[in-house]
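Subject: Structure handover

Hello,

Here is the structure you will be taking over. Please open it first, then read my notes below.

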Amino acid sequence: MTRQERAGWLFSGPVLAIIAFVFVLPTILALGLSVTDYSIYALADWANLRFVGLGNFNELLSTPLFWRALGNTMLFATLGVPMAIGTSLFVALLLNDATVRWKPLWRVLLFAPYVTSIVATAVVWRFLFNERFGLINRALAALGVAPVDWLGDPHTSIPAILIFVTWKVFGYNMIVFTAALSAVPGDLMEAARLDGASRWGRFRHVTLPAIGPTLLLATVMSVAGFLQIFAEPYVMTLGGPAQSTTTVLYFMFDEGFKWWNLGQASAVAFILFLMILAVTIVQTRIGRRQEWL
Amino acid sequence: MVIVSFMPRGESTTLPTPLWPSRWSGENYYELLVRRQVDGGWFDYRIVPALLNSLGVAAISTVLGLLLTVPAGYAFAKLRFRGRERLLQLLIASLVVPGQVAMLPLFLIFKELGLVNSYAGLILPSLAGIFAVLFVRQATLAIPDEMIDAARIDGASEGRVFVHIVLPLLVPIVVTLALFMFLGSWNDFLWPLIVLADQHLYTLPVAVAAIAREHAADGELMMAAAVVTTIPVLLLFLTLQRYYLTGLLGGSIKG
């Protein structure tokens, strides 16, 4: 073994060992767990453990709440991703404009929510969304809109949480887009302007191809993020009202750590993993076709 | 949030909702941070212990995390050893797997090992910094090989090369990473919620969520809790934001 080889293993060995122990091994075990009926009885005594094959998955498919959670999660992702990406891209474009002053200040202000604790900010937003006393309804009342029971009505609970999540994650994507926008070739932009391309045309044909890879990466990350929503409904609505904000991960947490159906919960985790994997594969395919990768 | 946290108890739930406290009151903070009288007995929310817990846990996982991931990132960038490329591909591929898949079995493993309800069990998973290793590797690639080779020819050991040549160049990256790790640990919610059962061990987000479940109606009290949770990290971020944002800006271009 060369000196470099020894040093290489010495430097990377410890973290690789930890990754193997707390991540790789459990992930493999999760697959095993998902085909057993590991529950509170097995927790007490291993002898109670039985192999159930695909039984957990079968049972999930006939559980209405699981479908509900799946639907809610999809709704979160399909509404949330365009909302989060769209607003942050729009603001990044605004901030990129040469006429905007105090850029660093704006950046810091808009980024600040991202570093705060989800739990603490969810508490604050729960208060803002309060039907009778919340500031949001008060602002709406000034516009003549009747009070909305944001978190108490199954129709508005998801939009309300989405507004909160968008506010929260917005800054991160904005910074990523700002970085990408600074790499857009200026002479190309100038040439397009001289050729009389409209604002939209310049965005479509100059900016978009240049930031394509970043846009794709941000979308992949956001989809994964929205599919993993948990803390927001946990703090703001406890999955309600009428289970309208029970997400897949919320369902997994309840199933696993409230009812101790760990086998069942592992099956849920696996379905979540497959969903994220599938979406990622589809997105990379699209990216390849657009020659963004 | 700050304004409401200083309102006397119950004022935020009067109509029309006040935008300014009728009198500035510290009672929410007193109650939250010190103690509260319920039915003649004194009751403690344990926010101060939770705050200290969070600080300690975040500090330890940041320091250990850096010690583990920075040398590894360097090794993956500059040291040639067998299996390096394959390991690197594995690390990148594993980024797709959501952490929650590992959580349930990990809980069972930790239970067997007696790590549930302990800080070791809380911190250990946060040290598996796949993203951090890749982040450091990316930054280290920019350091010219000639510099490292020159030091080797002068007879420096591999350890010396890393500590005296590479590490000083990585300082901005390490600061950025430290901030990432600290904030990540401070804000983490799901795993502490799972692994900690004992109230005395609660970290701040778990403690606040617990109060939120029981005291949903006490707007002012909850705002005070939110202030206590948010302000420290916000201050940390504001002082170090130059590193953080440039680190993020630089990293994403290469990404």
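Helix 8 of chain A is largely enclosed by the rest of the structure, because 20 of its 25 residues are buried. Buried means under 20% relative accessible area, exposed means over 50%, and partly exposed is in between (1.4 Å probe, protein chains only). Helices are DSSP runs of H or I with at least four residues, strands are runs of E with at least two, and both are numbered from the N terminus.

Before going on, note that this is a predicted model: local features need pLDDT of at least 70, side-chain atom pairs count only at pLDDT 80 or more, and totals for chains, interfaces and linings use all residues. Residues are numbered from 1 along each chain as its sequence is written, chains are lettered from A and ligands numbered from 1 in the order in which they are written, and side-chain values use heavy atoms, with hydrogens and water left out.

Back to helix 8 of chain A. The helix covers residues 157–181. From first C-alpha to last it reaches 35 Å, close to the 36 Å expected at 1.5 Å a residue. That expected span is 1.5 Å times one less than the number of residues. Helix 8 of chain A also bends, by about 40° at Val169(A). The bend is the angle between axes fitted to the seven residues ending at a residue and the seven starting there.

Chain A as a whole

Of the 293 residues in chain A, 52% are buried.

An unreviewed UniProt entry annotates "transmembrane region" on chain A at residues 7–33, 74–96, 108–128, 160–185, 206–231 and 259–282. UniProt positions are given in the numbering used here, feature names are shortened, and annotations may be inferred rather than shown by experiment. Two of these spans can be set against the model. Residues 108–128 of chain A are 90% helix and 0% strand, with end C-alpha atoms 23 Å apart. Residues 206–231 of chain A are 88% helix and 0% strand, and their end C-alpha atoms lie 39 Å apart.

Chain A also carries a nonpolar surface patch. Trp102(A), Leu105(A), Trp106(A) and Leu109(A) form it, with about 500 Å² of accessible area together. Patches are made of residues with over 30% relative accessible area and no salt bridge; like charges are joined within 9 Å, nonpolar side chains (Val, Leu, Ile, Met, Phe, Trp, Tyr) within 5 Å. Accessible areas come from the Shrake-Rupley method with a 1.4 Å probe, and for residues only the protein chains shown count as cover. Leu105(A) sits in helix 5 (residues 103–115) of chain A. It is partly exposed, at 48% relative accessibility.

Arg138(A) is in helix 7 (residues 135–142) of chain A. It is partly exposed too, with a relative accessible area of 33%.

Salt bridges

How many salt bridges does the structure hold over all chains? There are five. A salt bridge is a side-chain nitrogen of Lys or Arg within 4 Å of a carboxyl oxygen of Asp or Glu.

Lys78(B) pairs with Asp145(B), with the closest N and O atoms 2.9 Å apart. This pair links distant parts of the chain, helix 3 (residues 47–78) and helix 8 (residues 145–153) of chain B, and its residues are 67 apart. Lys78(B) is buried at 10% relative accessible area, whereas Asp145(B) is partly exposed at 41%.

Asp149(B), Arg152(B) and Glu158(B) are linked in a network of salt bridges. Asp149(B) to Arg152(B) has its closest N and O atoms 3.2 Å apart. Both lie in helix 8 of chain B, three residues apart, about one turn of the helix. For Arg152(B) to Glu158(B), the closest N and O atoms are 2.7 Å apart. Asp149(B) is partly exposed at 35% relative accessibility. Arg152(B) is buried at 16%, and Glu158(B) is buried at 6%.

Elsewhere in chain B

Helix 7 (residues 130–140) of chain B is largely enclosed by the rest of the structure, because nine of its 11 residues are buried. Among them are Phe135(B) and Arg137(B).

Asn117(B) has a positive phi, near 65°, in a residue other than glycine. Asn117(B) lies in the loop between helix 5 (99–113) and helix 6 (119–123) of chain B. It is partly exposed, at 28% relative accessibility.

Best wishes
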